[in-house]
Number of protein chains: 2
Amino acid sequence: MSRSTIKVTYRLETPGDIEALAAKIASDQSTGTFTELPGETEAVRARCAARVEAITPLEPSDTPSFPDPGGSGPYHRADAVISYPLEAVGTDIAALMTITVGGVFAARGPTGIRVMDFDLPQEWAVHPGPQFGIPGSRQLTGVAEGPIIASIIKPSLGLLPEETATVVKQLCEAGVDFIKDDEKLMSPGYSSLEDRVKAIMPVILDHEQKTGKKVMYAFGISSADPDVMTRNHDCVVAAGGNAGVININSIGYGGMSFLRKRSKLCLHAHRNGWDILTRHPGLGMEFRAYQKIWRLLGVDQFQINGIRAKYWEPDESFVRSFHDLAEPIFSPADRSLPVVCSGQWGGQAVDTYRQTGRTLDLMYLAGGGVHGHPMGPAAGVRAVQQAWKAAESDVELADYALDHPELAAALAKWG
Amino acid sequence: MSRSTIKVTYRLETPGDIEALAAKIASDQSTGTFTELPGETEAVRARCAARVEAITPLEPSDTPSFPDPGGSGPYHRADAVISYPLEAVGTDIAALMTITVGGVFAARGPTGIRVMDFDLPQEWAVHPGPQFGIPGSRQLTGVAEGPIIASIIKPSLGLLPEETATVVKQLCEAGVDFIKDDEKLMSPGYSSLEDRVKAIMPVILDHEQKTGKKVMYAFGISSADPDVMTRNHDCVVAAGGNAGVININSIGYGGMSFLRKRSKLCLHAHRNGWDILTRHPGLGMEFRAYQKIWRLLGVDQFQINGIRAKYWEPDESFVRSFHDLAEPIFSPADRSLPVVCSGQWGGQAVDTYRQTGRTLDLMYLAGGGVHGHPMGPAAGVRAVQQAWKAAESDVELADYALDHPELAAALAKWG
């Protein structure tokens, strides 16, 4: 019988006793129910019992995370590490989620629970992980060093396939390394995936023919039906494409697992819906825990917002996400390429570089920042490239812009 | 081009202007980005633009749902209905989730968002829905009328397959109609699904041989890998089983969709993880919205807690869930059988009956309430049956217990 354990760190909050709460979670998630049972023997407990390993107290809070009508604080807070025997959980992600996450949020007592981290034993290295990851993304785009410069079709929805192809041509000529469908574009009536592939792939291949550069185009292949998603995947592959956008929360673990086993595409993950899990700091799940599961499932490129994103996420949270992605789970090959995105136009390049460990192993995705550049999209791409040269050379953007007019124009518009 | 729309009701909360917030969501989730774009023409907008249809103001709140450091109330609240063109979303659940749910939670501005309901057009009737539902569950269990009386293996984890089979035999003899694995039990090292099927199915079939009654046993077949889940399904079918427990959030839409198309089993859904989505009343998603999606995907039996559940969920929420399940989406066949559970022992039967519209179309699941009965599990089952007879006859439990000793003993212990 294996002695390995899975350790899960929870941020707990309760007006009651925090050690008792941790103990209750460990009991509920192994053998307990609401009444004593004759069959709950020592042998049963030894096989399955979860155990509280450590409790680190945090500052109490005056406000409960879940509303606590009629109740009053202080709301005690702590990080509790609970270990679960591998023998009882196994290596299936559905089992991990059900036993260590799902049921925990049902308990009476806590006013807050957040899953902070999973510490997975070596047996979990059976999961496939990214097929392409950082080296594969570099190889397929031909970008041996420096950030992979990327853009997105805008407007995000509503263009007909031929109109999209025109935008693709413009972006290829502008010099991007990567283009993607908006995550909201999958296979709607006015622009089915099949029609889009037919319209776009000739542009990509023609550009490759002329320039030797194959721009990576990630098509929105997501479907809640794995059979449909596989057909979408095959359609892209047959036309010579090499990437797909997948809305990981909208396809679920099952969809991702199924696709990864059969995939020939570089899988670019959009995490829409993640905010529901993570936006309240006392509830849900930290990105650190979340991203481990999706990397093990096979995400090659992971969108994680960026500095001064257009969304709610604070910069510190993005920076933590970046570092989380950079940390191997079992080996460096299980790292996904971080995709820095949301409201990016180059102006955040220097800050991004300085705050993420001065690495250039990233994709930098500018949508509006390329399309909306006052001198046109080609200038938009050059502005982004210039911003990253400034970052790499440790020069302030304003200084670098002095003899780089595209960057200067971007700074004038958005700086 | 179809004129159909998908209408989504959001409960919004913001210290700012609530109409502006609704308009921003409609714009963000169709064509908008952070800067004006030349390609966003009238034609594009007409194809894809989401529209605010109605705003119903609610009482403002003093406390924000998401923390609002440095901010102050009142936090304005309203229910906003936004319509999305079917042409832009299609009928894929991944598209619905990405466009109308996922991205919405990323916006700056709101201090609270909760998806209250989906109003889906007739085109969405393409989804399979339950294969067995209420009539199929009755037919397979042979319970033509009255509640389907169910129990669960206890202790929930840790028994070896042969030990589990002994409990199954006891429960069959006790007279239950349905037995299930605990949702936390899938295929752990000490009790693989295959070994469990081998140990349990002969007991079920033997009991059928002797009594003519085939107790429905739902095996924990969930896996995050649809191929593994299909193998699990096939293993149960090959041994003569007719049901499976599926942890819907842990397999995801992809897993469920894949399984439903191939399934010969009655699919009993456990919604662990749902609490993360729903427990904070200002955030996430209401069960009403959530259950529609899973019913369309094919859930036959839906666990929804019960009156005085052992979990956090208040009774009113359970009662609403029960009514939500009873309402057809497109036809009565798309209703799942409600499974009333969690801390049930019969004592809640009368209240359940009175508060859920005096229907007996339900499964009543008692785990500890059967196993922990002072006179043994057979008496536990009889106590539950007696409690439901009391409910149906509109008699108070205490009165009915006067000449029903098993119910009297249950009342004495838990009442």
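1. Phe258(A) is buried in this predicted model, its relative accessible area being 6%. Phe258(B) is likewise buried, at 5%. Both count as buried because their values fall under the 20% cut-off.

2. A search over all chains returns 25 aromatic pairs. One of them joins Phe258(A) to Phe258(B), with ring centres 4.8 Å apart and 50° between the planes, a tilted arrangement. This pair crosses between chains: Phe258(A) sits in helix H9 (residues 248-262) of chain A, and Phe258(B) in helix H9 (residues 248-262) of chain B. The ring of Phe258(A) also has Arg262(A) over its face, at 3.6 Å from the ring centre.

3. How is the ring pair of Tyr364(B) and Trp388(B) arranged? The centres are 5.4 Å apart and the planes stand at 70°, so the pair is edge-to-face; the cut-off for that class is over 60 degrees. Distant parts of the chain are linked here, since Tyr364(B) belongs to strand S13 (residues 363-365) of chain B and Trp388(B) to helix H15 (residues 377-392) of chain B, 24 residues apart. Tyr364(B) is buried, with a relative accessible area of 0%, and Trp388(B) is buried at 2%.

4. In chain A, ring pairs connect Tyr253(A), Trp274(A), Phe287(A), Tyr290(A), Trp294(A), Phe302(A) and Trp312(A) into a cluster. In chain B, Arg271(B) lies over the face of Trp274(B), 3.6 Å from the ring centre.

5. The largest nonpolar core has 208 residues. Its members that touch the most others are Tyr84(A), Phe118(A), Trp388(A), Tyr84(B), Phe118(B) and Trp388(B). As background, nonpolar side chains in soluble globular proteins tend to be buried together.

6. Which residues does Phe118(A) touch, leaving aside those up to four places away in sequence? Its contacts are Lys7(A), Val8(A), Leu96(A), Met97(A), Thr100(A), Val101(A), Met285(A), Ala289(A), Lys292(A) and Ile293(A).

7. Just after the helix, Asp394(A) adopts a positive phi of about 60°.

Note on methods:
Residues numbered from 1 in each chain as written. Chains lettered and ligands numbered in written order. Predicted model: local features only at pLDDT ≥ 70, side-chain atom pairs only at ≥ 80, totals over all residues. Heavy atoms only, no water. Helix = DSSP H or I, 4+ residues; strand = E, 2+ residues; numbered from the N terminus. Core = buried A, V, L, I, M, F, W, Y, C linked by side-chain atoms within 4.5 Å. Buried < 20%, exposed > 50% of the residue type's maximum accessible area, 1.4 Å probe, protein only. Contact = heavy atoms within 4.5 Å. Phe/Tyr/Trp six-rings, centres within 6.5 Å; stacked < 30°, edge-to-face > 60°. Lys NZ or Arg CZ within 6 Å of the ring centre and 35° of its normal.
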